[in-house]
Every structure is written in C-alpha cells, then in structure tokens.
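Colleague: I am new to this structure. Please walk me through how to read its features.

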Amino acid sequence: MTTLICDCNQTMPLDPRALSASLNEPLSLHSSLCRRQAAEFLQAAANGVTLVVACTQEIRLFNELADQAKLSTPIKFVNIRETGGWSRDAAQASPKIAALLAVAHLPEPDPVATVTYKSAGRALVIGELGAAEQAAELLGDVLDVTLFTQGAGDLGAAQERRYPVLGGQIESLAGWLGAFELRWQQNNPIDLDLCTRCNACLAACPEDAIGLDYQIDLKACDAKRACVKVCKVAGAIDFNRTPQSHTEPFDLVLDLRATPAFSQHAKPQGYLHWDGRDARALLAWRELVGEFEKPKFFNYKQKLCAHSRNDKVACTACIDVCSASAISSDFKRQQIKVNPNLCVGCGTCSTVCPTGAMGFAYPRASDQGVKLKTLLATYQRSGGKDAALLLHSQGAGASLLGDLGRAAQLEKAQKDGTHGVPARVLPLALWHTTSTGLELWLTAVAYGASNVWVLLTDEEAPQYAEALREQMAVAQRILTGLGYSGEHFKLLHVRDARDLAALDRDLQAAPAQAPARHAGFAVQADKRATLELALDHLISHAPNPSQVPIALPASGSPLGGLAINKDSCTLCLSCVNACPASALADNAQAPQLRFIEKNCVQCGLCVKTCPELALSLLPRLNLAPQRKEHVVLNEMQPYACVRCGKPFGTLKAIEGMLGKLAGHSMFQGAALERLKMCGDCRVIDIYSADFEVNITDIKS
C-alpha cells in the first residue's frame with residue numbers, strides 16, 4: 001500500500017520523517033498534489049497497489065484523473081487537514097496523523113449478507129388534490145403515479161385528468177420500498193373512476209358541498225340530490241352505494257400531509273414526507289426505481305436473548321430504542337423479531353442489548369476492535385499521549401469537524417480564535433454513532449484512551465442519546481469506582497455552526513486517567529467476552545485496588561448480582577429454567593440454588609418468574625474473585641421419603657405443601673401420607689394398598 005501526503009499549499013506543518021517512521025513506509029511531502037503535482041499522483045496510482053491519499057478536499061478530482069488514465073487502483077482518502085493539520089497545535093499532530101493513516105491501511109472488512117429491494121416505480125402521492133397533481137408533474141416522467149385525494153385544497157384539481165385518483169378514508173399504510181400496502185375505504189357517493197370532471201354537479205349543488213377534488217362533504221349536503229340528476233348520464237354519483245374496502249400495492253409513497261403516515265423517527269425506505277421545499281430529497285426519492293441492496297446490519301442469536309421465557313417478558317431494550325419500529329416481540333416463540341427491510345442500521349439495539357444476542361454486523365465488532373487497536377497503538381507508538389477518541393458519523397459529524405477545522409484555519413491570526421481539533425483528539429467515523437457501547441468504550445480505555453467522546457447531531461433519534469447516556473453512566477461509575485480519575489465519557493451534542501464554539505471548548509477538556517499499562521487483547525465477536533476482557537484489564541491495573549462491589553445505575557446496567565429472601569424462597573428452581581445466561585444453576589447433589597455473578601445480565605427474568613417474589617436485582621460490579629465462581633444463594637435440608645428414605649425435595653417445600661393441603665378433603669389419611677413419599681413409592685403404595693378401589697373393580 002502506497003501513501004501520499006500533501007500539506008495543502010504549505011498550510012499544514014507535516015513531518016514526513018516522523019510519519020515515515022510511524023508507518024514504516026518512505027514518504028515524500030507534496031504541497032500541490034491535486035494541481036501541479038498531479039502527475040505524481042497518477043504515477044503512484046499506476047502501480048496497481050492500493051493507494052492512500054491524505055486529502056478529502058479533492059476526492060472528485062483525483063477520481064476523475066484516475067478514470068481518465070483508465071486506472072483501476074483502489075484509492076482511499078483520509079482527512080488530515082480539518083481533523084488536525086489546521087488546528088492551533090498542528091505542530092504536535094504527527095502521532096494523530098500517523099494513526100489516521102494507519103487505520104486507512106487496514107484491509108476492508110469481509111462483506112456481510114444483504115437485503116434486497118425491488119421497485120417498479122409505482123408511486124402513491126397522498127395530499128390535497130391540487131398539490132398532489134403539482135407534485136405528480138415532477139414525477140410523472142419516471143414514475144407511475146397514483147394520487148390519493150385529501151380534499152381540494154387551495155388549488156383544486158386540474159381540468160385535465162392525467163393521473164389515477166383514489167378517494168375515501170385511509171385505514172392503514174404499511175411496508176417499505178417496493179412493498180407498501182395501502183388499505184382504504186371508498187365511502188363517498190362520487191366514484192372518481194366514473195367522474196368526467198364536467199363540473200355539472202358543482203354548479204348544481206346549492207350548498208357548495210362538492211369541492212374541486214370531486215368529492216362530497218356529507219356534513220354540508222342537505223340530501224336534495226340535485227347533483228345526482230345532472231350526473232345521470234355518467235352515473236358517477238350514488239348515495240346508496242355501499243362503502244367498499246380496497247387494498248392496493250405501491251413501491252413508493254410521497255406524503256404531502258401535515259402529519260406523516262409513520263410516526264417513528266426513521267421512516268421506511270421508499271417513504272418521503274415532503275414539505276414541498278427540499279428539492280434534493282424529492283430528486284433522490286424519485287430515483288428509487290430498480291433493484292437495490294443494503295447490508296443486513298444485525299445478527300440475532302435467540303439462545304442468548306433475555307426477552308422472554310416461560311411466558312414472562314423481561315428485557316425489551318432493543319424494542320424500546322429502535323427508531324425504525326423494526327423490532328417487535330414474537331411472544332409465541334418467546335423471542336424478538338427484526339424486520340431487515342425496516343432496519344436502518346443504527347446499531348443501537350446491539351448497544352443496549354445486555355447479552356449480545358443482538359449484534360451489529362456493519363462493521364462487525366472484531367473489525368471495529370481492530371480499528372480501535374490500530375488507531376490507539378499507532379498514536380502511542382508515535383509518541384502521542386492522553387488520546388481522546390472522538391466517535392462521529394460519516395455524514396453530519398464529519399461535516400461539522402470540517403467546519404471546525406476550517407474555522408481554526410481562518411482565525412489562526414486571532415488570539416482567541418477557534419482552536420480546532422486538538423492533537424490528542426483522534427476522530428473515528430462510524431456508520432452510526434450509536435453502534436458502539438459499553439464494552440467497546442471500556443476496551444478503548446483499556447487500550448490507552450483517556451477519553452471516549454461521542455459526537456451527536458440532529459441525525460440521531462432522541463431516544464438514542466438517552467440510551468448512550470445510560471451506558472456512559474454505567475461505564476463511568478465502573479472507572480470511578482476502580483479509582484481512575486477524571487471524566488472519561490461524554491456526549492457532545494452539536495446541531496450546526498451555532499454550536500461550533502461549544503464543541504471547540506469541549507474538545508479541549510483535560511484528559512482523564514487511563515491504565516498505566518495498555519491492553520493487548522482483541523475484541524471478540526461475543527459482546528460479553530469483550531466486556532469481561534476489558535474489565536479484567538481495568539481491574540488488574542486499577543489505581544485503587546479493592547474488593548468492595550461498585551454500585552451501578554439500575555438503568556442500563558448489564559452487570560450485577562441477585563438478592564434473595566431465604567424466608568420466602570422454597571427452592572422450586574423455576575428461576576434456573578428462566579435464566580438465559582446460565583447465571584443460575586441447581587446442584588444435582590444437594591438442594592441448592594447457585595449463582596455465577598459474571599454471567600448475570602440483569603434482565604430480570606428470574607425476578608418475574610419467581611412465584612414467591614423472593615428475588616431482586618443488584619446492579620453492581622463485584623470485584624471479588626468469587627464473581628466468576630459458583631456461589632450458593634440458598635440451600636435447604638432435603639426431605640427424605642418416609643418409605644424408602646430417598647431425598648426427593650426440600651423440607652421447607654414439602655412441609656409447606658402439607659400445611660396447605662392438610663385441610664383438603666382429597667388429602668386425608670393415606671392420601672396425605674403419600675405426599676411424604678417420593679414418586680416411586682407413591683405409585684407402589686397406591687397399587688399395594690388393600691383399601692384402594694381400582695377402576696377395573698367398578699361394575700356398571
């Protein structure tokens with residue numbers, strides 16, 4: 001892999017020797033790679049080896065040059081200018097720039113499964129008829145448009161009918177690109193398929209109850225039926241017509257109403273709620289004709305899921321946080337269900353999932369871990385200290401960092417001007433900012449990051465910010481409890497240029513304390529395994545070692561123990577069967593309830609299953625070695641069969657049962673005595689008793 005660096009007309013103090021040593025690659029410094037030195041770019045691109053260009057300003061130009069030269073060399077582009085080269089401490093940014101280039105040198109992740117959409121261009125436009133017809137004029141050249149009238153509006157329908165028009169009451173609209181289904185009831189006396197727009201009914205109606213959408217306002221109509229008389233030939237008006245329900249498929253939906261058909265933050269692909277002003281959104285929407293693919297963003301492992309067991313619902317974290325309404329409860333199968341066509345790939349479901357049953361696949365956790373490790377290790381190896389990891393989106397987040405860097409360059413002569421992205425801040429673009437959570441943040445700290453910051457914009461759904469705050473509260477409580485000083489985790493919410501000054505100040509925050517020794521483990525595919533590796537490293541290098549449990553926030557904690565009321569517990573072990581994480585277990589040798597705290601995900605299934613309400617959750621991080629071992633939560637004296645002496649239950653459970661059934665007419669005398677026997681002896685006693693009546697002895 002070849003790397004080209006450019007100081008952009010000598011506006012950045014790049015150190016090619018330091019960068020060469022960090023990347024173990026000879027580098028030459030350019031100052032006008034996109035202009036006078038373009039021949040050197042073409043020469044490097046002609047080698048056939050993947051090329052990394054440290055410039056994003058002229059991506060289009062570089063690609064055009066490569067195309068004109070008929071070069072097929074893969075080219076990666078890295079922004080080192082706005083993200084560090086234009087900051088006030090750019091002279092110290094070589095370790096950061098080396099780290100950003102090192103990440104670009106990583107191979108592309110393996111491809112993931114895809115989801116396919118097929119659209120033939122059947123478009124539905126919902127709105128006031130005049131406005132809908134105007135919108136249809138912008139679409140009719142590429143789409144097969146059908147209108148659904150929501151009244152005449154100020155414009156009214158055109159005299160010439162160019163598009164099919166539906167009318168009535170919409171009952172439901174569901175689906176996604178290529179698979180929308182509209183259900184409506186045709187309940188107006190005027191049949192729009194038969195109407196010729198002759199306007200005779202409008203002229204004849206004494207109450208003006210008929211609008212230019214050619215539908216009757218039944219509240220205004222006084223039933224004189226003058227319209228019926230003038231429409232006798234066309235026969236479009238019939239007040240006695242029975243309302244009819246219809247279903248129609250569409251590939252695309254354009255909604256012009258004030259209230260959208262879908263209330264979720266992330267609308268289905270193929271649906272556009274349009275205000276009539278954003279032409280770019282409409283142009284992009286009208287191009288959705290053909291076959292499209294997107295990654296299948298998630299992996300679901302039902303065996304690990306803590307959603308439901310034994311008809312008890314516990315964890316609904318992924319359902320509650322999904323902004324696309326793509327996740328629902330499949331109660332019959334005791335699991336959750338994800339619609340891949342509605343999933344937009346935010347990854348928040350995997351972030352809040354306590355067990356790892358829901359995993360984010362774009363990129364996979366292991367690929368993300370390699371990026372983190374490469375970024376931080378290269379930065380540290382190059383002499384960087386106190387790294388702050390800044391996670392941001394590829395769209396609005398990257399654009400805001402570009403604005404910040406540009407402001408720093410323009411104001412560099414001002415004493416109190418914008419500082420720009422500091423040399424210790426390492427930006428890392430994500431597919432979505434909420435796709436990483438507790439285990440990866442703690443891993444980053446274990447790798448040596450002093451801070452982990454997540455940059456949010458107005459792209460994200462409101463509930464995403466709350467989910468990240470909960471995760472950060474847990475992560476921060478862990479590090480604070482271990483003695484690491486400072487604020488390690490923070491959400492940076494930036495709407496637009498109005499908040500750039502606040503972002504500039506936030507990025508200059510003091511570093512928090514990281515472990516003295518950096519971890520070397522790899523991020524695992526299993527979320528809990530990664531979390532345990534990070535915790536082990538952070539605990540073993542804690543500034544203030546202790547075995548006192550660290551109390552964690554109840555909301556969002558995937559770690560904790562169980563408290564048990566031994567007076568209430570009968571050791572029925574129903575909680576063992578409910579536990580999805582194998583945290584609870586029995587003992588084949590003795591009546592015991594055992595618990596491995598490391599495995600507990602705090603889902604609450606055991607609490608909801610317990611018939612005696614004897615269990616409660618204890619969100620915490622237990623620092624004692626016993627956290628990874630079986631500990632006995634409760635044990636009881638076994639009850640021995642009165643006939644053979646074999647233990648078959650607990651003394652407390654059998655005595656409780658005897659006490660409850662002693663007064664029942666079915667359990668008197670020998671019947672009550674049999675309750676004190678094991679299953680085998682109970683059967684033997686029934687068949688050997690002289691006073692028992694067998695069904696075969698009963699004569700008709």
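**Reading helices, sheets and salt bridges**

Modeller: Helices here are DSSP runs of H or I with at least four residues, strands are runs of E with at least two, and both are numbered from the N terminus. This is a predicted model, where local features need pLDDT of at least 70, side-chain atom pairs count only at pLDDT 80 or more, and totals for chains, interfaces and linings use all residues. Residues are numbered from 1 along each chain as its sequence is written, and side-chain values use heavy atoms, with hydrogens and water left out.

Colleague: Which residues of helix 1 are buried?

Modeller: Buried means under 20% relative accessible area, exposed means over 50%, and partly exposed is in between (1.4 Å probe, protein chains only). In helix 1, residues 16–23, the buried ones are Pro16, Leu19, Ser20, Ser22 and Leu23. They sit on the same side of the helix, because they cover an arc of only 165° around the axis. That arc is taken from the directions from the helix axis to the C-beta atoms. The face turned away from the buried side carries exposed Arg17 and Ala21.

Colleague: What covers the buried residues of helix 1?

Modeller: The cover includes strand 1 (2–6), strand 2 (29–30), helix 5 (94–104) and helix 12 (365–381). Contact means heavy atoms within 4.5 Å.

Colleague: Now sheets. In what order do the strands of the parallel sheet run?

Modeller: Strands of a sheet pair through backbone hydrogen bonds, either parallel or antiparallel. Two strands count as paired if DSSP finds at least two bridges between them. Here, four strands form an open parallel sheet in the order 22-21-23-24. Strand 22 (425–430) and strand 24 (489–493) are its edges, each pairing on one side only. The twist averages 25° from one strand to the next. Inside, strand 21 (388–393) and strand 23 (451–456) share four bridges. Leu390 has Trp453 in strand 23 as its bridge partner.

Colleague: Which strands does helix 13 touch?

Modeller: Helix 13 packs on the sheet and touches strand 21, strand 22 and strand 23, with its direction at about 120° to that of strand 21. Helix 12 lies across strand 21 and strand 22, running at about 160° to strand 22. Axes are lines fitted to C-alpha atoms, for helices over the stretch in contact, and angles run from 0 to 180 degrees between N-to-C directions.

Colleague: How many salt bridges does a search of the whole structure find?

Modeller: Side chains of opposite charge can pair when their charged atoms come close. The cut-off is a side-chain nitrogen of Lys or Arg within 4 Å of a carboxyl oxygen of Asp or Glu. The search finds 29. One of them joins Asp251 and Arg122, at 2.8 Å from N to O. This pair links distant parts of the chain, 129 residues apart: Asp251 is in the loop between strand 11 (244–250) and strand 12 (252–255), and Arg122 is in strand 6 (122–127). Asp251 is buried, at 1% relative accessibility, while Arg122 is partly exposed at 31%.

Colleague: Where do Arg406 and Asp403 lie?

Modeller: An α-helix has 3.6 residues a turn, so residues three or four places apart point the same way. Both Arg406 and Asp403 lie in helix 13 (396–410), three residues apart. Their side chains meet in a salt bridge of 3.2 Å, N to O. Arg81, Glu82, Asp403 and Arg406 are linked in a network of salt bridges.
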